[in-house]
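Dear colleague,

Please find the structure below, with some notes on what turned up when I went through it.

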Amino acid sequence: MARQIIEILSADEIRRTLIRLASQIVEEAPDLSQVVLLGIYTRGVPLAYLLANQIEMIEQVKVAVGALDITFFRDDLDQIKTRTPQKTEIPFDLTGKTVILVDDVIYKGRTIRAALNAVTEYGRPEIIKLLVLVDRGHRQVPIHPDFIGKALPTAKEEKVKVYLDAIDGKDAVELIKLT
């Protein structure tokens, strides 16, 4: 089977998308000092830091950033590719905060369901919102992002691959079709 790779977002388009998403967070947050960005490993973490930097450029306010590993909160560990768990880094209490979970792609919603369970181990936020760079549809659980960089309807057999400079040495989003 051959693969067809289609670039969905270039590095410049990702940059502009992150500026827009950061602006949306600023518009919706009445008090940025109460906002926490929690990146979900792997690519949600650098996205959270990029968003925090962008918010600081817009508003001159530092937003707290943490990193969340949801490996042991998943209900489908037996069905997914095994990976080494990362260290969750939340050096602050989440109680009463506006937590924005940040991830690269939302598909079935199981990662986010696990993230919601994991967050409760670190406090009781006032509100939890979800930001994703790409929403590809096909949910198995009733979860919908509050902030979406790009809505990309896909077929189930297609794959969406996000590349971020901090991890992959380049910024891009690709759709991989099997032909």
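UniProt, in an unreviewed entry, places the short sequence motif "PRPP-binding" at residues 99-111, and such annotations, given here in the numbering used for this model, may be inferred rather than shown by experiment. The model is predicted, with local features needing pLDDT of at least 70 and side-chain atom pairs counting only at pLDDT 80 or more, while totals for chains, interfaces and linings use all residues. Residues are numbered from 1 along each chain as its sequence is written, and side-chain values use heavy atoms, leaving out hydrogens and water.

The span 99-111 is 15% helix and 62% strand, and its end C-alpha atoms lie 16 Å apart (helices, H or I, are DSSP runs of at least four residues, and strands, E, of at least two, numbered from the N terminus). Over the ring of Tyr 107 sits the charged end of Arg 136, 3.9 Å from the ring centre (CZ of Arg or NZ of Lys must be within 6 Å of the centre and within 35 degrees of the ring normal). Lys 161 likewise has its charged end over a ring, that of Tyr 163, at 5.3 Å from the centre.

Which residues lie nearest the centre of the second largest pocket? They are Ile 14, Arg 15, Leu 18, Leu 50 and Asp 171, out of 13 lining residues (a pocket is an open set of points on a 1 Å grid over the protein atoms alone, where a 1.4 Å probe fits, with protein on both sides within 12 Å along at least five of seven lines, and lining residues have an atom within 4 Å of a point). Helices H1 (11-28), H2 (44-59) and H4 (165-168) each give two or more residues to this lining, with the largest share, five residues, coming from H2.

Best wishes
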